[in-house]
Structure formats: structure tokens, C-alpha cells
Amino acid sequence: HPGFPGGVGNYFGWIDITNPAAPAWAAGNTVTNPLPTPPVSVAQFNGRAWYAVDNTLWYSDALVPLTITNSSQVLILGDNVDVTALGGLPLQTQQGGIIQSLIAFKGAAIMYQIKGDDATSDLTLNTLDVSTGTEAPNSISPTPKGLAFMSPTGLRVIDFFARVSDPIGHSGSGVVIPFIYSSVPSRMAAAYNADIYRITTQNGKAAGTPQQEWWFDFPGQIWSGPHTSAAVMIHGFMNSFVLTLSG
């Protein structure tokens with residue numbers, strides 16, 4: 001990313017809100033054990049910062065996101081394919097409780113689930129049972145049904161039992177073509193709020209390859225669009241959305 005070259009430069013940035021009246025911006029790298037290259041994603045899980053670096057996940061000390069005390073605080077995820085995105089997912093257990101977990105996406109082909117923690121000696125890494133993933137990191141969004149993401153074959157949801165749904169809209173039952181033929185999948189942007197998942201894509205199958213926004217109503221299981229508020233970034237806020245319009 002521009003501004004975070006690694007090497008002898010900065011690896012990522014942060015905002016210190018210890019004093020909410022005067023947030024302080026800074027940039028650098030983790031201390032004690034520096035990250036080897038700039039991370040492509042970071043997520044909070046069990047009070048730690050988890051950094052996606054190449055094909056590994058490095059995790060900080062508990063409640064100290066900029067410190068990695070031990071060189072063993074790293075998980076290697078399978079092969080040499082890089083981790084490309086992270087998303088948090090609650091997990092429903094057979095006993096009825098909720099255990100937080102972290103989903104790591106490695107491109108469009110595979111996902112891993114991380115559960116537990118170093119401090120409780122139950123840290124585990126498991127491969128999800130469907131050979132899919134996402135090339136659109138900004139499409140990942142938590143919903144009441146689980147973690148939604150745009151796969152190469154359409155919108156999918158990882159439910160609270162870590163089961164991956166079929167594409168929502170396959171076989172003509174909804175909308176998949178604008179996403180399958182997205183001109184730049186990594187530029188898709190989506191967010192969920194107030195029962196609606198909103199996602200923008202550049203539809204390479206439509207005349208002129210326009211930027212289009214589509215809405216999926218979770219309670220009604222209905223797609224609608226294209227709408228006119230094509231966004232380059234979008235996030236849920238209160239009962240609505242905050243977004244930056246394309247162009």
C-alpha cells in the first residue's frame with residue numbers, strides 16, 4: 001500500500017485513542033518481533049491483533065496490539081498461497097454457546113477458521129469444507145446469518161456452525177452475473193446494515209462496463225438493482241450507511 005513500503009520504512013499505521021479528545025496517528029511495525037513484510041489485512045480476535053503476512057498469521061500480545069513478544073506467535077496456513085483477507089465470525093456450538101472465531105481467506109480457493117487462544121492452550125486451525133474464498137476483501141461483512149462474502153460464483157454466507165452456503169442466486173434464482181463477471185473483483189465494496197447487504201461491482205457483462213450497486217434483502221431473500229449509489233467504500237453506521245460514491 002502507498003506509504004507502507006516495509007524494509008526500513010513503515011509497515012502499517014494506527015490511531016491511538018487513549019485520549020479520545022486528541023487521537024494520535026502513527027506508523028511503524030510491531031516491536032520485539034517485527035513483522036517480516038507489511039500485512040495485507042488485520043483483525044481483532046480474542047483481544048489480539050492478527051496480521052495477515054504472506055501465507056502466515058502473526059498475532060500480538062493480548063490487549064497490546066503493537067507487541068509480539070514471542071517469535072512463536074505465528075500460524076502457517078497450508079501452502080505458499082498468501083492470506084488475502086480476514087473476517088470475524090461467532091461460532092454456534094452444539095451446547096448452544098457462542099465462541100468467537102476468525103476466518104482467513106487465501107484467495108478464491110480456500111478458507112481457514114481459527115479458534116481458541118494461546119493463553120488457554122486451545123488455539124486451533126481448521127480448513128473449511130468448501131473450496132472457495134473471495135477475491136473481494138471489501139465484500140466481507142458480518143450479518144445476523146453469519147459472515148457474508150462475495151465468492152467467484154456469487155454471494156455466500158458462513159453460518160454460525162462454520163458451514164458455507166451455496167451461492168445466493170445461483171441457477172437463475174437471483175443475481176450472480178454482475179459478480180462473476182466483475183471487471184476488478186478486488187474493488188468490489190459491500191456492507192450489511194438494517195437487513196440489507198449492499199454491494200458495488202463494475203459489471204463487465206453489461207454494455208459500457210458500468211459501476212452498479214445491488215441490494216440483497218436478507219429477511220426476504222430478494223435481490224434488487226442495479227441501484228444508482230455505486231460506492232468505492234461503504235460501511236454500516238447506526239441505521240444507515242456511510243459511503244464514498246464512485247467518481
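1. Let's start with a sheet: β4, β5, β6 and β8 line up in that order as an open sheet of 4 strands, with antiparallel pairing. Strands here are DSSP runs of E, at least two residues long, numbered from the N terminus, and two of them pair if DSSP finds at least two bridges between them. At the edges sit β4 (41–45) and β8 (74–76), each pairing on one side only. From one strand to the next, the twist averages 20°, with axes being lines fitted to C-alpha atoms and angles running from 0 to 180 degrees between N-to-C directions.

2. A quick word on what you're looking at. This is a predicted model, where local features need pLDDT of at least 70 and side-chain atom pairs count only at pLDDT 80 or more, while totals for chains, interfaces and linings use all residues. Residues are numbered from 1 along each chain as its sequence is written, and side-chain values use heavy atoms, leaving out hydrogens and water.

3. Back to the sheet: β4 and β5 pair in the antiparallel sense over 5 bridges. S41 has A52 in β5 as its bridge partner.

4. Y51 in β5 (residues 48–53) also pairs with F12 in β1 (residues 12–16), 39 residues apart. Their ring centres are 5.1 Å apart and the planes are at 35°, so the pair is tilted; rings of Phe, Tyr and Trp (its six-membered ring) pair if their centres lie within 6.5 Å, and planes under 30 degrees apart count as stacked, over 60 as edge-to-face and the rest as tilted. F12 is buried, at 10% relative accessible area, and Y51 is buried too, at 4% (buried means under 20%, exposed over 50%, partly exposed in between, with a 1.4 Å probe and protein chains only).

5. Now the largest nonpolar core, which has 17 residues; L155, F179, Y197, I199, F216 and W223 touch the most other members. Such a core is a set of buried Ala, Val, Leu, Ile, Met, Phe, Trp, Tyr and Cys residues joined through side-chain atoms within 4.5 Å. Strands supplying at least two of its residues each include β14 (146–151) and β18 (211–217). A second, separate core of 14 residues includes L57, Y59, L77 and L102.

6. F179 deserves a look: leaving aside neighbours within four places in sequence, F179 contacts (heavy atoms within 4.5 Å) M150, M188, I199, T201, W214 and W223. F179 also belongs to one aromatic cluster with Y192, F216, F218 and W223.
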